Each structure stands twice: as structure tokens, then as C-alpha cells.
Amino acid sequence: MQALEVTDLTTRFRTDDGAVKAVSGVSFSVDEGRTLGVVGESGSGKSVTFLTVMGLVDPRQSEVTGSVKLHGEEMLGASQSRMREIRGVKIGMIFQDPMTSLNPVKTIGWQLEEAVLIHQDVSKKEARRRAVEVLKQVEIPNADRRVEDYPHQFSGGMRQRVMIAMALINNPEILIADEPTTALDVTTQAQILRLMERLQEEFRMAIVMITHDLGVVAELADDVIVMYGGRVVEQSKVSDLFAKPEMPYTWGLLGSLPRLNSSGGRLEQIPGQPPSLLHPPVGCPFNPRCEFVMNVCREQLPELETAPIGEDHRYRCHLDDESRARIWSAKQAAMMAEDAA
Amino acid sequence: MTFVLVGISAHPVWIGLILSYVVGFRLHLTPIAGYCNFFPGTVGAQCSGPVNWAYHLILPWITFMILFAALYVRLVRANVMETMSEDYVRTARAKGASQSRVMVQHVLRNSMLPVVTILGMDLGLALGGAIFTESIFNLPGLGHEVINAYNFNDLPMITGIVVFSTICVIVFNFVVDVTYGFLDPRIRPT
């Protein structure tokens, strides 16, 4: 069953220079117990999409249209009080930088208890018991003593565990993790990812993993959407995306991954900059940086089309099936040749 | 913001004279100037008692306050706005905290930290401001005394007042530093 269904979501921010089209017509869904990876570079609209889902974009500065359904319940346009009930209970969210995401003047215990006390009518003692329990679940040693500590007494990885604990304390149905491992070092990253995997099995929740790290996606996600310029440009099962990506931007992303066994030459990069969301390019958002750009790309936005591989795999590109297959084989061969060298 | 702009720009002497003229002389709501003793029945005093005391001090208080109120409104406003955009405020919202809860529990205390620091440094400014206020309203006080001493070239008196003010500033700053420790766990000695 679908835990979260987003249809044609559009978020625009009003600025003095005009409307910033941060998210344009994004649709996707997350099934119960599954993990959706959301990939894209900075400014691709991936974070804003989920801040909109959470109702955390300022309504005075933004315009939101489309539909966000949580187990069938429409959330866009829901009252502020209903949204507050949903946040923290049905949807938990973890943010990118654990160093700044916890209030520095309150104890860890207080901040965890707050999440319980806002939503449940329980005693402070019971809330404290829940706080310690959930800290144990995220593997904080000496949890019953460490609840008294302040955030600055924790390391980055420990703070991210606390953030996860805080998001999980009310048993949410969906966990949205916005680049949860970006600010952590590699060994800590792996621990946090293992932890999230284990907790997903325990809590049976759907996870949305927002990241720019394809490695994280490969490891954790079941499905993946690639975002570019505020749009979904490719969506598929994870295995399909790595085996047969259908879009030049995804090729670029996969090509720019550092590989351990390569000869130490320069990393591939996608030339140019992400598009301005204030004045997005006409046609395909990727056209100014695409090496296979055609005239039609500069005039018309490609629809999300179904790939030859199957119904689940959709992409936006004007190139025909044959050309895409040919280019991707060539790219793959080049990468393999480089690996072998 | 008009209040802030006027409060910061207008000199206390000007504010004091205008208030004394309009409220005291024209409207007869308060005394124009002068002082009353706090303790009732003070020997040799023209008038005394807490009510009379406060009645005579209303205008000096307002004069003295306007500059600081304006400075601090601006400071608190800037700090609150800055704190509002902190990541942990977003975390609190993501937990489902209401707007008032976010403001009171998460924004207020964090935005008070810089304000308290400035408070300690501003005591010197306050003593300076007192010189103007006391002169305008003819109040017997440290500021008034230092002007008198200056006019009579009374060096020991000036030295005494300066030393006393210095001690006040140092003690007050110490108090502020201790308060800071209460407000912010990060600088508490462990």
C-alpha cells in the first residue's frame, strides 16, 4: 500500500526578482516498508519537495499546488493544527547537519521528551522513559545517563543518532531523511545507514532518502527518482537505474562517481552549472549542459516516458530508444576500459 | 520602527526638555523638574514618600529609557530573526511544535544570549546617559554631582565618582558573565 503519494506538486517562492520555480510538477509515491532514494545535485529541488510535503515552507513566501496524500489523506490545504499532528507522529524528518539541528541550550532528554509531550498526553516520567528507550534503539551507549547531556557533548555521528531517535520516538509511518550522512565521515556514514536499515525493519516504516550520493542510494534504496531543475527526470527501481539509465543527466551522474580501481585520472564531470530556477531554460531543463542536445530539446519539455525495460522505469529525454541504448553502451564500455587501465 | 529610529537618533537632553515642556509645563501631568525623597518624613526635604518620589521620577525614567528601549528593540528583533532561521528551529517545527512553543522554548533563550552580553557593556553608557537626565530634571545623583565637581574643579570628587562607576561596570559585567553560564550550557565550566 502507498504510504505517501505526491501528484503534480509545484512549489514557487515569491522573490523580488520574480517567482523561483523550486519544484515543478513532481509526482511519485512511496510504498509502505520501502525506501525511496531521491537523487539530484544542490538546487535540484529535492529538499524543497519534502519541506513542502511536511508543510514547512513559509506560506507567505510560497505558492504550492498539486496533491500530497498520506495514506489517502490530502495534506495540502490541511489546517495548521492537523499538520502539526502529522509532523512528528506520522512523518518524522531528519536533517542534513546534525551539528546545528539540535537546540544548543536544551538537554538531549528534554528535546526528545518534547517530541513525545507535544503529541501524547503522558507524564514527564513516561516521556523520559521513552526517550531513554529510543536512545538505546539508536545505540547510544549509557543512554540513561546521556539523556542529561547537552548536544555539544555529543559527536556528529551521535547527534545524528539523536536526530534519528527524535524522528522515530512517535513511531512514524514515514521517515524523511534529508542528506542524513552528508556531514559525517565515511565510517560514521556506514553506521548510520546500517542503523536506518535495521530500524526500518523494526518499525516497518517507509523511508525517503534524499541524497546526492549514489552510493547511499545503491546501498539502501528500493526505488529511486532523479531530480533536476525542480523536475523528476528519471524514476525507476534502483537496480534498473544503475544497469540501464535512460537520461543524459543520469549518465553524467553515474560517470562522475569516483571509482577505486581507476587509474587515477581526472574525474568525469558534467560541464556547466545547475539551471537557474528563477529563469529556467525553455524545453528540457538539462539542455544547456547536455552533450547530445538537439533543437527539439530547446523548445519542448520531454514528457516522462516509459522505458523499454518496463512500466516502472520512466525518463524524460527526446533521444530515441536506439540512440540512448547506443550511447549508454558506449559510455559503459569507456568506463570499463578506464577501470581496466 | 519609527520609535526605534527616533529613540536612537534623538539626544536625551532634547527628549528630556521636550517631555518636561509638554507633559510637565503644558499638560501639568507631572512636575517639570525636581526630586522627592523616597523615605517619608526625611528631615529638611521639601517633599517625601514613595508615591511622591515616583511621581517626580516618571519623566526622568522615560527620558532615560527611550534610548535603551530603542537600542534593545532593534537588537532583540535582529537576534530573534536570526535565531528563527536556525536549523534547530526547523527541527522543532518538524516535531510538530506550535508557533508559540517554538518561540518560547527554542527561539527566545537562544536569541537572548547576545542581548545579555550587550547589556553588560551598556552599563557605562547608562551612567553617561544619567548625566544628561539628571541635569535636565535637576536630580541629585552621580551625574549631577560629576557636573558640579567639574565646574568647581573638584578633582578628588571626580576621581571618586569615576572609580565608583568603574567598580559598578566591573561588578555588573561579572554578574552578566555568571548569567551567561546559566543561559548557555556550552560555556559552563565542567
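**Ground rules.** I worked on a predicted model, where local features need pLDDT of at least 70 and side-chain atom pairs count only at pLDDT 80 or more, while totals for chains, interfaces and linings use all residues. Residues are numbered from 1 along each chain as its sequence is written, chains are lettered from A and ligands numbered from 1 in the order written, and side-chain values use heavy atoms, with hydrogens and water left out.

**Sheet.** I looked up the strand order in chain A and found an open sheet of eight strands, E6-E7-E8-E3-E9-E10-E12-E11, with mixed pairing. Strands (E, at least two residues) and helices (H or I, at least four) are DSSP runs numbered from the N terminus; two strands pair if DSSP finds at least two bridges between them. Strands E6 (91–94) and E11 (304–307) of chain A are at the edges with a single partner strand each, so one side of each has no neighbour in the sheet.

**Strand E3(A).** I checked its partners next. Five bridges join E3(A) to E8 (residues 206–211) of chain A, in parallel, and Thr35(A) is opposite Ile207(A) there. With E9(A), the pairing is also parallel, over four bridges; Gly37(A) faces Val224(A). Five of the five residues of E3(A) are buried (under 20% relative accessible area; exposed is over 50%, partly exposed in between; 1.4 Å probe, protein chains only). Thr35(A), Gly37(A) and Val39(A) cover one side, Leu36(A) and Val38(A) the other.

**E9(A) and E10(A).** I found six bridges between E9 (residues 223–228) and E10 (residues 231–237) of chain A, which run antiparallel. Val226(A) stands opposite Glu234(A).

**Cores.** I then listed the nonpolar cores (buried Ala, Val, Leu, Ile, Met, Phe, Trp, Tyr and Cys residues joined through side-chain atoms within 4.5 Å). The largest has 74 residues, and Leu135(A) and Ile176(A) have the most contacts inside it. Helix H6 (residues 156–168) of chain A gives the most, eight residues. A second, separate core of 27 residues includes Val39(A) and Tyr228(A).

**Chain contact.** I counted 20 residues from chain B and 26 residues from chain A in contact (heavy atoms within 4.5 Å). The buried area is about 2,200 Å², with 57% from carbon and sulfur atoms; this is the accessible area (1.4 Å probe) that two parts lose on being put together, summed over both. Arg90(B), Ala94(B) and Lys95(B) lose the most on the chain B side, together 28% of what that side buries. The rule finds two salt bridges across the interface (a side-chain nitrogen of Lys or Arg within 4 Å of a carboxyl oxygen of Asp or Glu). One of them joins Arg101(B) to Glu114(A), the closest N and O atoms being 2.7 Å apart.
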